[in-house]
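Let's take a walk through this structure together, one part at a time. Have the sequence and the 3D view open, and we'll start where two chains meet.

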Amino acid sequence: MTEQMLVQTKNLTKRFGRVLALNDVSIEIPKGIVVGLVGPNGSGKSTFLKLLAGLVRPDSGTVLINGQKVGLKTKAQVSYQPEIDQFYDWMSVGDALDYTAGLVPDWNWEKAQELLGFLNLDQGARVKHLSKGMRARLKLAVSMSREADLYLLDEPLSGIDPPSRVRIIKSLIGGYESGRHTIILSTHEVAETEGIFERVVFLEKGRVRIDESAESIRAAHGRSIQGLFEEVYE
Amino acid sequence: MKGFGKLLKKDLESIKQVAIVQGVGILLWNLFFFTRVGKESPPWMVLPTLLPFVLVFFWHIMQTVQVYRHEWQLGGIYQTLTIPQPGWKIALAKLTAVMLGFVLNTILAAVGFLLTVWRAGFRELAFTYVNSLIQAITLAEFIKTTSVFALGYLMLGINIAVVIHASYNCMRLTSRFRFLLGISLFTVGWLQSLFASAGYHIFRWVPHFAIKVPFGDPLNIPQTVNVIFNSSIILGYILALALTFWLTGYLIENVLEV
């Protein structure tokens, strides 16, 4: 029996003006795994996630999620967390959760309450008064409180202090059910996250350089993913 | 309409502060003139209370742009474009938010004007005029004419918002340079005239309708004139409005990129 693919991209190409952000990328990702999307700045990680989320559209090639073209139906199955802040200053933490809960079909309040507690987020705190680390926690709480098939997390550790990083990674593992949810996490902070990756895709200048399971990378190259990351992008 | 309330609340919050400042501005302006007129005041003393009606349109244009700009500036657009909500619903929430501001400011301006007229001693004159007008054209005609003017005013507000929203989203397709908003406005205006022209031909079979409009010296018995409206032009205009609104929703759902 063939493995059911959640994400299928074929010859995906995206340009921004003269910049070739993604170049002929073909990837298939099955259901229920954690994928690390790694690469230096400008390698195309964010663009790849945006294409899956429906924030940008390919110049050529195709993107399918659960066999469907990206649109309203796939947006109902995908929880996307951008790198930048997406909440409004007037919102409280509770407002941010409530706002998202009212707009998506798969919100899980029980999970949201658990995440709030675990991430030490106060429901009444105003977004504008949150530190960068707390804002990152809030973004994660909002995106992981959904029962989505696919979670797209763009640099969730970027600019975050070490205690927040540990919390974020732990909550990722806590909220993830192997075999049910799929997470694609883009990062260049490989050392802290590689423990949760089941598969790793190395991007460079918009192309896939390596696409293997985390285990086979460690076995074949005889080093950690961080070690290989440093070697590849040296 | 699941989710519409959340979107509307968010859009109202994005324009709330400026709308409150505008509302307070209208109140203070009207209060100033209200406290300065009396029964002996010359008629021109109430004229400044008409100024807020003009300002309401300028502010409406500002708010119409603000409701989108705010979202792009603060990054909320990332969530708006990745939630499973259709583009028309996102556009309708923004249109409703700015129209609520427009209507509330108009009501404030109208109440201020009427109270000032009242205090200035034109109360009896106004009553006499309206009474004689109703006698001249019947109450039903009076209501019909008033409704047509109110609807026309409201449609003008909606049209301004719809055209600016479509233009703003067109601008986002090409570049983030502000001057392109002008070109987008021109393009959307041209598109709307095409839609209206098509609507005019489609609805040519609809009969015209007339309203009685007063004219002449309000101190004397009012005279009225029959103003005939070409229904196909109005229906064409409404069709153009709907299509321009649809264009905004389509751009949001299928074309915009962040």
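How many residues does the contact take from chain A and from chain B? Chain A puts in 29 residues and chain B puts in 28 residues. Keep in mind as you look around that this is a predicted model.

So much for the head count; now for area. The size of an interface is often given as the accessible area lost when the parts come together. Here chain A and chain B bury about 2600 Å² between them, with 57% of that on carbon and sulfur atoms.

What else joins the two chains? There are 13 residue pairs in polar contact between chain A and chain B, counting pairs with both residues at pLDDT 80 or more. As for which parts of chain A are involved, strand S1 (5-16), helix H1 (45-53), helix H2 (72-75) and helix H3 (93-101) of chain A each supply at least two residues of the side that touches chain B. H3(A) gives the largest share of that side, 5 residues. Sorted by class, the side of chain A that touches chain B has 18 nonpolar, 4 polar and 7 charged residues.

Salt bridges turn up here too: 2 of them cross the interface of chain A and chain B, and the count over all chains comes to 18. One to look for pairs the side chains of B:Glu257 and A:Lys14, at 2.9 Å from N to O. A:Lys14 also forms a salt bridge with A:Asp59, where the closest N and O atoms are 3.7 Å apart.

Now let's turn to chain B by itself. Its secondary structure comes to 7 helices and 2 strands, and from the N terminus on the elements run α-α-α-α-α-α-β-β-α. The C-alpha trace of chain B spans about 60 × 50 × 35 Å along its principal axes.

Which hand does the crossing of H5(B) and H7(B) have, left or right? It's left-handed. Residues in this contact include B:Met155, B:Val162 and B:Leu173 in H5(B), and B:Tyr237, B:Phe245 and B:Leu251 in H7(B). By class, the contact of H5(B) with H7(B) has 16 nonpolar and 5 polar residues, and no charged ones.

Conventions. Residues numbered from 1 in each chain as written. Chains lettered and ligands numbered in written order. Predicted model: local features only at pLDDT ≥ 70, side-chain atom pairs only at ≥ 80, totals over all residues. Heavy atoms only, no water. Contact = heavy atoms within 4.5 Å. Buried area = accessible area lost by both parts, 1.4 Å probe. Salt bridge = Lys/Arg side-chain N within 4 Å of Asp/Glu carboxyl O. Polar contact = N/O pair within 3.5 Å; in protein donor to acceptor, adjacent residues only side chain to side chain. Helix = DSSP H or I, 4+ residues; strand = E, 2+ residues; numbered from the N terminus. Nonpolar A, V, L, I, M, F, W, Y, C, P; charged D, E, K, R; others polar. Left-handed = near helix turned anticlockwise from the far one by under 90°.
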